[in-house]
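Subject: Structure handover and findings

Dear colleague,

Please find below the structure for your review. The notes that follow it set out what was found.

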Amino acid sequence: MDMHWLSDKGHTITGIELVEQAVHQFFDEAKTTPAIQQEGAHKRYTAGDLTILQGDLFTLPAEAASCEAWYDRAAMVALPSTMRQAYVNQIHSLCTPGSVGLMITFAYPQEQMQGPPFSLPDQEVSALFADRFQVTLLETVQLEDEKQRGLSELTSSVFKLVRI
Ligand SMILES: C[S@@+](CC[C@H](N)C(=O)[O-])C[C@H]1O[C@@H](n2cnc3c(N)ncnc32)[C@H](O)[C@@H]1O
């Protein structure tokens with residue numbers, strides 16, 4: 001839905017998704033038939049201004065996307081903490097200098113729930129990005145409804161991350 005919304009605003013959108021079935025489902029729901037092209041280890045699905053690169057984000061070559069902006073909803077928080085530095089490195093290589101990212105995270109006492117989503121505290125976002133991105137915490141909200149999961153506290157933060 002977010003990809004369609006951004007596309008309707010006039011942007012050219014590239015999504016990256018590992019699971020082929022999810023890519024097919026996306027285009028089926030949009031009632032469009034994409035053109036499909038194999039590019040090395042990835043498949044490029046294109047329909048109008050919407051592209052999805054199917055394959056592993058971590059092996060995507062820098063020139064495959066060259067984004068001026070990026071949006072992370074439920075992506076970094078879906079990765080175990082051991083993969084976070086590699087994720088930051090890959091975002092850095094796929095985006096041009098000055099590009100702006102919007103990232104939504106969750107934070108909760110990790111011992112109270114097995115991820116995903118994994119807890120990604122605000123301080124860790126700063127520690128991981130700050131040497132190569134300008135980090136601005138735009139907002140943090142308490143998610144009261146999610147306490148049904150047995151969590152004593154759950155917050156969601158939204159970051160603006162500008163690649164230096
Ligand atoms: C929690 S889902 C979020 C999907 C979407 N952003 C949303 O908000 O609905 C995380 C997605 O990341 C994909 N994913 C996980 N590891 C990946 C990787 N290495 N490369 C590309 N996609 C990956 C998963 O297949 C899954 O669809």
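The largest pocket is the space taken by the ligand. Here a pocket is an open set of points on a 1 Å grid over the protein atoms alone, with protein on both sides within 12 Å along at least five of seven lines. The model is a predicted one: local features need pLDDT of at least 70 and side-chain atom pairs pLDDT 80 or more, while totals for chains, interfaces and linings use all residues. Residues are numbered from 1 along each chain as its sequence is written, and side-chain values use heavy atoms, with hydrogens and water left out.

Ligand surroundings

The residues around the ligand are Glu-17, Leu-18, Val-19, Gly-55, Asp-56, Leu-57, Phe-58, Arg-73 and Ala-74; a residue is counted if one of its heavy atoms lies within 4 Å of the molecule. This shell comprises five nonpolar, one polar and three charged residues. In that division, Ala, Val, Leu, Ile, Met, Phe, Trp, Tyr, Cys and Pro are nonpolar, Asp, Glu, Lys and Arg are charged, and the others, Gly among them, are polar.

Polar contacts are pairs of N or O atoms within 3.5 Å; within protein, one atom must be able to donate a hydrogen and the other to accept it, and residues adjacent in sequence count only if both atoms are side-chain atoms. An oxygen atom of the ligand lies 2.6 Å from a polar side-chain atom of Glu-17. A side-chain N or O atom of Asp-56 is 2.8 Å from a nitrogen atom of the ligand, and a polar backbone atom of Leu-57 is 2.9 Å from a nitrogen atom of the ligand. On its own the ligand has 600 Å² of accessible area, of which the protein covers 58% (Shrake-Rupley method, 1.4 Å probe).

Individual residues

Ser-156 belongs to strand S8, residues 155-163 (strands are DSSP runs of E, at least two residues, numbered from the N terminus). Ser-156 counts as buried because its relative accessibility is 9%, where buried means under 20% and exposed over 50%, with a 1.4 Å probe and protein chains only. The Ser-156 side chain reaches the backbone oxygen of Thr-105 at 3.0 Å.

Asp-145 lies in the loop between strand S7 (133-142) and S8, and counts as exposed because its relative accessibility is 60%.

Ala-64 is in the loop between strand S4 (50-54) and strand S5 (67-73); with 15% relative accessibility, Ala-64 counts as buried.

Yours sincerely

Conventions: On a 1 Å grid over the protein atoms alone, a cavity is a set of points where a 1.4 Å probe fits but cannot get out, and a pocket is an open set with protein on both sides within 12 Å along at least five of seven lines; lining residues have an atom within 4 Å of a point. A molecule sits in a cavity or pocket if more than half of its atoms lie within 2 Å of its grid points. Helices (H or I, at least four residues) and strands (E, at least two) are DSSP runs, numbered from the N terminus.
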